Structure formats: structure tokens, C-alpha cells
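Subject: Structure for your files

Dear colleague,

Please find the structure below. My notes on it follow.

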Amino acid sequence: MDVLRAPDERFANLPGYSFEPHYTEVSDGEGGELRLHHVEQGPSSGEVVLCLHGQPTWSYLYRKMIPVFAQAGYRTIAPDFVGFGRSDKPTRTEDYTYARHVEWMRQWLQTNQLNDITLVCQDWGGLIGLRLVATLPEHFSRVVIANTGLPEGSGFLTSFDIRLAPKMHRVYSSLPVPASLSEVFAKIQNPGEVPPFFFWRKFVAQSPNFRPQDFVEMASSSELSADVLAAYEAPFPDERFLAGARRFPSLVPITPDEPEATSNRMAWNVLQTFDKPFLTAFSDGDIGSAGMEREFQERVPGAKKQAHITIRDAGHFLQEDAGERFAEEIVNFMRTN
């Protein structure tokens with residue numbers, strides 16, 4: 001596996017992010033090793049708060065929340081997925097699979113001997129994190145999800161008829177690559193017959209105009225400074241480093257016949273028995289995930305009696321738009337559960 005590592009100087013003097021790096025080696029699945037990065041704050045004896053980012057961000061996304069958790073007495077850990085942040089970056093998109101991401105993070109979690117975990121996850125942090133909960137439920141004591149889901153491959157079909165799957169793939173394959181991120185957002189805001197997610201998937205995978213910092217800027221409700229946007233660009237010195245960020249949307253199961261759709265259905269079987277405290281905290285300004293929280297509220301036993309919250313005046317990246325407020329809500333949830 002050909003692997004790149006962003007130079008340390010790319011991460012120097014980032015605004016609000018002065019945390020010391022920590023590294024863990026995991027098997028890459030091909031006889032080699034990958035180095036995963038994480039930051040850690042708070043007392044080593046405290047309960048663990050595990051913060052998982054999504055695409056195309058990294059642990060920098062949690063910089064406003066980490067001090068709140070640490071000051072409340074929690075051992076707060078925010079890793080970077082393989083392909084993101086200060087973690088190693090395989091250069092081929094084919095090196096990245098959904099199953100591999102879950103396995104890499106399972107190894108990382110068990111190598112670091114993390115237990116009594118409160119999971120905080122958003123975007124792909126949920127797609128991977130909830131699979132970890134299903135695989136290692138004994139390691140988790142609470143779950144908080146935000147603007148995320150666990151797709152079973154049927155969300156883009158008009159029914160569960162698996163015979164519609166080839167049609168969905170043909171529709172996706174026939175789409176032109178959107179010319180700009182603005183065009184993608186226009187499709188999201190004014191959806192037609194084709195699922196808007198298909199345009200985002202196509203743009204990220206193939207457009208020469210894809211830049212992670214542009215998406216963070218457009219999907220946040222707050223105005224981000226040039227320094228902050230540069231921090232989201234820092235892990236990606238050039239196109240060679242972007243394989244993981246480009247790959248994530250293409251790994252979302254869009255039809256029930258995909259292998260990871262089956263794996264996610266199996267994960268749902270476990271989540272439907274998960275009776276530990278489970279909170280949904282979605283933002284009011286994220287069109288893409290609107291309404292997805294209801295499935296968790298209805299299907300996960302631990303969510304039944306919780307006072308689920310909506311983070312107001314925040315976009316997809318609610319950690320960026322309302323990080324301190326979001327963290328305080330989680331601390332309250334942990335103290336009352």
C-alpha cells in the first residue's frame with residue numbers, strides 16, 4: 001500500500017488547535033501498518049468521550065468542544081480517520097473501503113484499551129462509529145449522534161425491491177460531473193427526481209474543483225476565517241493526499257445488494273437491542289440529514305426516554321457553528337444519565 005504522511009509543519013500554529021499529537025499503529029490489511037493520529041485532553045482517569053469526525057474534516061472540527069469535555073472531567077479523545085488529518089493517507093482510492101475503515105478503527109480502539117466510552121459522532125463519524133458500537137457494544141456506555149445515519153441501502157429506492165438496484169446504479173453512472181460545489185448545493189436545496197446525494201458523490205469523486213475547505217465553508221452556518229479554512233486544507237498538501245476524502249461518499253451503500261448494506265443491517269440488529277443512553281442532537285440547518293434522527297429515536301431502545309435536542313442556528317458542521325453549546329448539551333446528557 002503506497003502511503004503518504006502530511007508534513008508536521010502543515011499543522012503548526014493552527015487557530016484553536018494546540019493539542020499534542022498521539023499515534024497508534026494498526027495493520028493495513030495487506031501486511032503493512034498505518035499510523036493513526038489522535039488528540040487527547042482531560043484526566044486520564046476520567047470517563048472517555050470519543051469524538052469521531054466525518055468527511056472531509058478531521059479532529060480539528062472538535063477543537064471548540066474538547067476543552068469543554070476536559071474541563072468537565074472527561075478524558076476526551078478525537079482521532080483522525082485513515083486518509084484524514086495527521087493520520088496516514090493511502091494514495092489509491094481503491095485502498096479505502098467501508099469495512100476497512102471500521103476494522104482500522106476497531107484495532108485503534110482496542111489497542112488504546114478504551115472502555116466506558118461516550119461516543120460523539122457526526123457525518124461519517126456515525127457511519128463508522130455506530131458500526132463500532134454494534135461490533136463492541138460492551139465498550140460503550142452512551143452514544144450521541146449528530147447529522148448522521150446508518151444507511152441500509154434502501155434510502156434511495158422507492159421500495160425495498162432489490163430489482164431496482166441496477167437502475168439506481170445506472171442513474172448514478174449516467175450523471176454528468178457537477179461543474180461546481182454551488183451546483184451541488186442547488187441540487188440539494190431543490191431536489192428533482194435524482195437523489196441530490198448522487199451529485200455530491202459524483203462531484204467529490206471526479207471533479208477537479210473539489211476542495212475540502214470549500215465544503216466546510218458552504219455547509220457551515222457561521223462565517224469562517226481564512227485561517228480556519230486553511231486548517232481544513234492543512235492535511236491535503238496536494239491532490240495525491242485526497243484519495244480518502246474523495247472516496248468516502250462512494251462508500252455509502254445506495255442499494256440493498258451492496259456488501260456494506262448487509263453489514264449495516266446486521267449493525268441495526270444490535271442497535272435495536274442497545275438500551276444504554278442514546279441521544280440524537282441534530283442541527284436545524286442541515287438539509288441533508290433532516291428527519292434522519294427519527295429512525296434512531298424509534299428503533300434504538302436507549303433513545304426511547306431521552307430528551308432529544310435540536311442545535312439551533314447550526315449547519316451540517318454543528319461542531320464548528322455551535323461547538324461549545326453542543327458540548328455543554330452533551331455534558332448535561334452524561335451527568336443526567
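Helix α12 (residues 318–336) lies across β4, β7, β8, β9 and β10 and runs at about 145° to β8. Helices (H or I, at least four residues) and strands (E, at least two) are DSSP runs, numbered from the N terminus. Axes are lines fitted to C-alpha atoms, for helices over the stretch in contact, and angles run from 0 to 180 degrees between N-to-C directions.

On provenance: this is a predicted model, in which local features need pLDDT of at least 70 and side-chain atom pairs count only at pLDDT 80 or more, while totals for chains, interfaces and linings use all residues. Residues are numbered from 1 along each chain as its sequence is written, and side-chain values use heavy atoms, with hydrogens and water left out.

The sheet

Eight strands form an open sheet with mixed pairing, in the order β2-β3-β5-β4-β7-β8-β9-β10; two strands pair if DSSP finds at least two bridges between them. β2 (22–27) and β10 stand at the edges with a single partner strand each, so one side of each has no neighbour in the sheet. On average, neighbouring strands of this sheet are turned by 25° against each other, direction ignored.

Strand β7 (residues 117–122) pairs with β8 in the parallel sense over six bridges, and Val120 stands opposite Val144 in β8. Helix α3 (residues 124–135) packs on the sheet, where it touches β4 (48–52), β7, β8 and β9; contact means heavy atoms within 4.5 Å. The direction of α3 makes about 150° with that of β7.

Strand β9

β8 and β9 run parallel and are joined by three bridges, with Phe278 in β9 as the bridge partner of Val143. Three bridges also join β9 to strand β10 (residues 309–311), again in parallel; here Phe282 has Thr310 as its bridge partner. Together, β9, helix α11 (residues 293–299) and β10 make a right-handed β-α-β unit, right-handed meaning that, with the strands pointing away from the viewer, the path from the first strand over the helix to the second runs clockwise.

Six of the six residues of β9 (residues 278–283) are buried. The term buried means under 20% relative accessible area, exposed over 50%, and partly exposed in between (1.4 Å probe, protein chains only). Both faces of β9 are covered, with Phe278, Thr280 and Phe282 on one side and Leu279, Ala281 and Ser283 on the other.

Individual residues

Arg75 lies in strand β5 (residues 75–79) and counts as buried at 17% relative accessibility. The side chains of Arg75 and Glu40 are joined by a polar contact of 2.7 Å. Such a contact is a pair of N or O atoms within 3.5 Å; within protein, one must be able to donate a hydrogen and the other to accept it, and residues adjacent in sequence count only if both atoms are side-chain atoms. Beyond four places in sequence, the contacts of Arg75 include Pro43, Val48 and Leu114.

Pro151 lies in the loop between β8 (140–146) and α4 (165–174) and is partly exposed at 23%. Leaving out residues up to four places away, Pro151 touches Leu127, Val252, Pro253 and Asn264.

There are zero disulfides in the structure, a disulfide being a pair of cysteine sulfur atoms within 2.5 Å. The sulfur of Cys121 is 9.9 Å from the closest cysteine sulfur, in Cys51, which is too far for a bond. Cys51 is buried at 0% relative accessible area, and Cys121 is buried at 1%.

Regards
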